[in-house]
Amino acid sequence: SVVALMDHADKMQTIIRTLRDVLEQSTNHEFPSELPQLCRLETGLLLRTTKDLWVSCLLMASVAEMRDVQSCGNNSVVKNGMDDVLQTSRETYRSILNLGLDKCWKVRPLLDGRQLIKSLDLPKGPLVGVYLDDQVRWMLQHPNGSKEECERHLWQRKREREGADEEEHEISRGISDGVCPSSPVKKGNSAEESEGRHFSKKMHVESMDLM
């Protein structure tokens, strides 16, 4: 448990610092009503890893952030920084609860493995896990999303992957056939340069005969 906390405390501290920046940039110096979308995904993934230890992880990250603030040396800066850290930590805790991210690791997927195989026409194997991960990310960012919306998103991800695979296949097939448009043409292989060399050689021979 301690090792898991230490492994993820840095990520939690990064979240705290990001929210401190948001607080400092606020005109009225008030904490935002909800976390930004990207931060919601990042925080949710972190909570899915730390699970019930996320509160302890938040406390450990807060202590680490306070120690960094103390290294500034200036008393007034340290006091204001410590207050900011405490406020940010409290609001981070409240925001996580308000956003419903607590216990997010227990939320059942909208589509289980069998449903994904049937819906996306997937072969059994590791690829199913890839789309399960895609689904987790989508659900964290769309807590009120429906099963149909999630399915459409996963189909879009599948089309993107298949398109990328097809492009890579075409490039590989072109290389195997000896066709590589991106390869630079070696200098001196053009017909014009070959003819020029032949003409120069002929002129050289003629000049030698005249001598």
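Visitor: How many helices and strands does the protein chain have?
Guide: This is a predicted model, and its protein chain has eight helices and zero strands. Along the sequence the pattern reads α-α-α-α-α-α-α-α.

Visitor: OK, and what share of the residues is buried?
Guide: Buried residues come to 27% of the 211 in the protein chain. The chain exposes about 14600 Å², with carbon and sulfur atoms supplying 53% of that area.

Visitor: Let's pick a helix. What is the reach of helix 3 from its first C-alpha to its last?
Guide: Helix 3 covers residues 54-70, which is 17 residues, and reaches 24 Å, close to the 24 Å expected at 1.5 Å a residue.

Visitor: And which of the residues of helix 3 are buried?
Guide: Those are Trp54, Cys57, Leu58, Ala61, Ser62, Glu65, Met66 and Val69.

Visitor: Switching to packing: at what angle do helix 5 and helix 6 pack?
Guide: The angle between helix 5 (residues 113-120) and helix 6 (residues 126-141) is about 100°, and their axes lie 10 Å apart. Angles of 65 to 115 degrees count as roughly perpendicular, so helix 5 is roughly perpendicular to helix 6.

Visitor: Which residues meet there, helix 5 against helix 6?
Guide: From helix 5 you get Gly113, Leu116, Ile117 and Leu120; they meet Val128, Tyr131, Leu132 and Gln135 of helix 6.

Visitor: Last one: what percentage of the contacts between residues at least 6 apart in sequence join residues at least 24 apart?
Guide: For the protein chain, that figure is 71%.

Key. Residues numbered from 1 in each chain as written. Predicted model: local features only at pLDDT ≥ 70, side-chain atom pairs only at ≥ 80, totals over all residues. Heavy atoms only, no water. Helix = DSSP H or I, 4+ residues; strand = E, 2+ residues; numbered from the N terminus. Buried < 20%, exposed > 50% of the residue type's maximum accessible area, 1.4 Å probe, protein only. Contact = heavy atoms within 4.5 Å. Areas by Shrake-Rupley, 256 points an atom, 1.4 Å probe, with all protein chains shown as cover. Expected span 1.5 Å × (residues − 1). Axes fitted to C-alpha atoms, helices over the stretch in contact; angles between N-to-C directions. Parallel < 35°, antiparallel > 145°, perpendicular 65-115°, else oblique.
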